[in-house]
Amino acid sequence: MSIMGKDIPHDSAVGHVSGESIYIDDMPPLRNELFVDFVGSPYAHGKLISIDLSVAREIPGVVGLFTHKDLAHNRLGPIIQDEPLLVEDEAMFVGEPVVVVAAETKSALAKAKKAIKIEMEELTPTLTVNEARERQLFLDREYAVKCGDVEAAFKEAKHTIEGTLVVGGADHFYLESQACLAIPGENDQIVVHSSTQAPSEIQHTAAHILGLQQNQVVCVTKRMGGGFGGKESQATHPGVMAALVAHKTKRPARMIYIKDDDMRYTGKRHPFQNDYKVAFDDNGIITALQVHFFADGGAYNDLSIAVLGRAITHVDNAYFVANAELKGRICRTNLPPNTAFRGFGGPQGVITMECIQEEIAAYLGIPSLDVRRRNVYGIEERNTTPYGQIVRNNNLPKLFDQIMKTSQFRDRLSKVEEFNSGSETHLKGISITAIKFGISFTNTMLNQANALVNVYLDGTVQVSTGATEMGQGVNTNIKMLVADELGIDPGDVIVMATSTEKNNNTSATAASAATDLNGSAAVNACRKIKSNLREVAARHIASTTPGIGAYPDGIKFDNGIVYDERRPDAKMTFKELVGLAYRSRASLGERGFYATKGIEFDWLAGKGSPFLYFTMGCAVSEVTIDKLTGDMKVDRIDILMDVGKSINPGINRGQIVGAFIQGMGWLTNEELKYTDKGHLLNYSPTTYKIPNIQDVPDAFHVDVIDNYNTPNVRGTKAVGEPPLLLAISVWTAVKHALSFVAGDELPCLSAPATNEEILGRITFYDNQDLLSKDGRGATSWRGEGANGAHYRSIGGLDIPTIKHGSLRPISESVAVGYDGASGNVNALGSRNGKKQRSSERPRQPAQ
Amino acid sequence: MRDYILLYINGRQHKVVGEKAFMPLTDYLRYELGLCGTKVVCAEGDCGACTVMLGRVEDGALAYKPLNGCIQYLFQLDCTHIVTIEGLKLNGQLNPVQEAMVHCHGAQCGYCTPGFVVAMCAMFDDGESKSACQIKDGLTGNLCRCTGYEAIVKAGLSVDLSAWQSIDKLYPDAEIVKNFKQQIGESIHLKADDKEVSVPSSVAEACRFRSDNPQTVIISGGTDVSVNMNKRGLVPDFVMSVSNLAGLSDIVSSTDSEGRTLLEVGARVTLAELEAYISELDEELKYILWVFGSPQIRHAGTLAGNIANASPIADTPPFLFAMDAEIEVTGINGTRRIKMTQFYTGYKKLALQADELITKVIVPLPKKDELVKLYKVSRRQHLDISAFTAAIRLKLDKGKIESAAVAYGGVAAVVMRLPKVEQFLVGKDLTLDTCRQAGQLARQEVAPISDVRGSRDYRLTLAENIFIKFYHETKEKELVCR
């Protein structure tokens, strides 16, 4: 009987609820252990003049002070190694590490940090995408995907919408901040315990920076208190800093970021600014799409290239586009390097498409559901993505049709319209969005994994893979896969801490693919062991059962029993067989390897089939907005997904709901605000507001369709990231609500849709007539704040004008629709009997 | 005079002396005792990962409340029993809350989980089942980034209460209570290096200490002062914890000559106690307390503290301003009353003498013939600090406004009344047009700044719109959902 599909608890659940699970900061202190921290750049952009360590060095208890001069090499980065661990001459973001400090006590550490004098010349920082574009500051090259004949399609356009969408970043807000403990060993060996999604990256980078061989460094990850991408490349910095201290002082060194520092000095989800132009017919069917992405990469490359790549390959989302030109650049700004965050650029691409769908619907005056349904990828035709991959096993039409019924979409849409015509104080909106998320690393090389499975004499099993557990349940999934493959109880399987000692050259736990890759590798290892065991079992059964010969292929493993399928009563327990195998000197430990087949992508051509399959889903969200305060409440959420067969439905549901709510946070309350000097202002949960338990509506319906996903292990599909993008339905529901007050305008909205952003839009639309009558101009809202310098004092800290991610001029996310192909703004469309016009032309997509 | 802090942790007695008494509880638990189940994430009471149960003597027994351990310093915790996540198992087995969390997938990464479990155990300690709404209210102070909370609510709904064992059964308190009663009347004085803390047992003693040490930082619930110590480099030379002050923990209700209910709220009354007391008396104040911080904050913080903090965006002062509340302060030479509207003399400045303490807040409650509405606008509805607050109080006579009191927060350095708007309103009919004009006047009467919680324009628009909202909420209630 298969264990697949059983809802067993997370393998760490008991430890978690009793407080017994051990995280890095919970590991008992070791003899001679040192506390490690760093002192960083005071400026977002600065030229290093001098570092004075003389005072700090004299402080009792201070053991080590290290600068770039103490490193064998000083460059790191997961794709392009362009980032120094410690500033050499030019600091590129506030808090960029300059000096690593190690001390015997926390108070000595704090004193030393204060005593370090860093002299720097302040240079002009670049803090926004617009500034970077003006100054032509980009990282790496342009990336593009093209298909069809875009120029011709736009010439023949029936209708056109042009716009710019501004999408904000977000902090990961994993509960456990970056943490690591480095322990020196003999012969310059080091073991680094780290809360990381990428142990091999820490191993490789520490060896490189310290001038060691990779085989001298081991990185171990028991678990993370949350990762979400934030510990894919950026756990490396603390890991290497602690390793540096351990290596230089020969003492254990622990580095635990406090939450404030973690938020201030690590990268975020990439803010994007996307210029788009779309042509469509009277039915809302898209005939051409042009999107020019500008990602805010921060100071260094980090993972930005891959993030931009995923934005480009996901902007089509669930919808067929015959003629497309999709290209993007990474803007270089003086902020911490932006990094992986669940969805990895996909959300920033998909929101652009869903924004467009909502605007087409508003322009034509037809329900956005119909626009989407008409544009959705087909089964037999209209099923090729702009980069040339065919969308196989396409359940999108089915998902749309099913959720439309189960959510009573049309009925609720009319109720929303009715409500809005009657309420002076509130506005409602309802919207449906979809997701088609490509599974596999777009960098084909990374789609490999290895696993080590050891069987012990009592029949219990240890599994080690490169997957890291951050709460998502990958260990539980792998445990169940191994138990299923060996036909034993999952209680007899333990998934061990991830260690580069047991699994080499591991890919980061990322791209939703950890179970796919590592689970497949573990299954392959189990198959090798089973093959060894089958020989032993077959021989044994043949020798003890009269009348049959040895037939290894007929040996079955089920429910802790091993038997010959020809004679099911000729059986033994798994444990008995293991004992027999040991005495027969058969191997009870094997390594499995897995590499995803049939995927490839060429970024030079912008063509290929980078994904093994797509995870799909739809969501319907309904919101109510207080027109007078901008406060928004999500009333109901419906989610329907195709996640293939579930290994563990409870764990999958946790991923779906958790990802959705995390996405909702990004698109509603989470807004990063910086000073005009590039200091993050909201660096703690007091001012950075992730969703609270009260933000989750009671009406929350989650369902999955039945589907067996042939190409992947046990017919499953990856589920870690895709549902995050379904939260875009909350944002488009706000857009839908705004369409009731936008009058002749398209309902524009930046992300996140904070209450301030929403109230700004409503106030702007409300005053349209008034403004044009008295000639005050259309963009007075928020002008005052943006132009005037306002200072306030909080706890003695002067907080100057907010620069970035706030006080957005209303013109920042704009769109204009017009009939025909040319930008003739006098051409009129109609919506609900009203005329469609534009008061303001958006920026042309940059050439 | 004692020179140690007496507390119990999971049933074991601790006498804390010297330097250690100046530690946050979570540091003491994690790094001194090795009780690492209690996590620290934000160190400012905004995430709940550090939630512990804290029992103080109430009516002869220990009453347990969930609190944020990260912003409770040991010198605040004399005569308390702390129960941590490590102390919640039943005979080595998971308790029913823990079981439910395991089976409902209430934990993913696990870092927030001990905090949730403790908060949930505190919620269920009465042995009563809870609705989804009650569960959410009880867990407002706990952030989770993994689960989206659905599974946690589900766990709360499926706790098997037949197997529940309350904390007082788990930790029989007769011995502890006896010990506390013997010691709580004794004042405490602690010194370490250049720091000094006093835990007086009488108001007179407290006034003397404050007078002798003018830089004394007074700490009550610590929901603000401890954050300043954890995060903003506040290192006070003299601290006075008022946790053991006798006679300040009562709410007394009376009726004045006009038939108005007056509440006299002792300075040590927590916001949670006030919330419970007020729940049948005033819907608006109840609402404001519901969106005030979190259970953990409301069980620690006091009304007096919310006033003394003097923040322009504190949640209760607009109500107190509009209701003409008074503050009773006590000094060496006795007691006097200060009008709430005159209590702030500038940004974070109080009309207190060097020896004085707030001992009581006198809160007149709205009468039936008054329209009173309170507003709080914040980025997130719960567990957030306001961007804008307002209290509007009107008395109508046949549709005409007879008197008006309007107080705004978040629009100036201090909470303020809006006299021009009030003057304008008196004598007018309560119509939408009146409210529109009042809003426009209000916009002109305030001078907000742009900060991390909202821009100037946003606040100006709110200052204007809130009157229109008031109109609809009081006149066309059917169209409004809160």
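In what order do the five strands of the open sheet in chain B run? The order is S2-S1-S5-S3-S4, and the pairing is mixed. Bear in mind that this is a predicted model.

Strand S2 (12-16) and strand S4 (61-68) of chain B sit at the edges with a single partner strand each, so one side of each has no neighbour in the sheet. On average, and ignoring direction, neighbouring strands here are turned by 30 degrees against each other. Further in, strand S1 (residues 5-9) of chain B pairs with strand S5 (residues 80-83) of chain B in the parallel sense, over three bridges. To spot that pairing, look for B:Leu7, which stands opposite B:Thr80 in S5(B). Helix H7 (residues 174-183) of chain B lies across S1, S2, S3, S4 and S5 of that chain, and it runs at about 170 degrees to S1(B).

Now for chain A. Here you'll find an open sheet of four strands in the order S19-S18-S17-S24, again with mixed pairing. Its edge strands are S19 (493-495) and S24 (589-595) of chain A, each pairing on one side only. Helix H15 (residues 514-544) of chain A lies across S17, S18 and S24 of chain A, at about 140 degrees to S24(A).

| Strand pair | Sense | Bridges | Residues facing each other |
|---|---|---|---|
| S1 (residues 5-9) and S5 (residues 80-83), chain B | parallel | three | B:Leu7 and B:Thr80 |
| S17 (residues 448-455) and S18 (residues 461-465), chain A | antiparallel | five | A:Val453 and A:Val463 |

Last, the charged pairs. Side chains of opposite charge can pair when their charged atoms come close. Over all chains, the structure holds 70 salt bridges. One of them joins A:Arg412 and A:Asp638, with the closest N and O atoms 3.6 Å apart. That pair links distant parts of the chain, 226 residues apart: A:Arg412 is in helix H13 (residues 409-422) of chain A, and A:Asp638 is in strand S28 (residues 632-642) of chain A.

Technical notes. Residues are numbered from 1 along each chain as its sequence is written. Chains are lettered from A and ligands numbered from 1 in the order in which they are written. This is a predicted model: local features need pLDDT of at least 70, side-chain atom pairs count only at pLDDT 80 or more; totals for chains, interfaces and linings use all residues. Side-chain values use heavy atoms; hydrogens and water are left out. Two strands pair if DSSP finds at least two bridges between them. Helices (H or I, at least four residues) and strands (E, at least two) are DSSP runs, numbered from the N terminus. Contact means heavy atoms within 4.5 Å. Axes are lines fitted to C-alpha atoms, for helices over the stretch in contact, and angles run from 0 to 180 degrees between N-to-C directions. A salt bridge is a side-chain nitrogen of Lys or Arg within 4 Å of a carboxyl oxygen of Asp or Glu.
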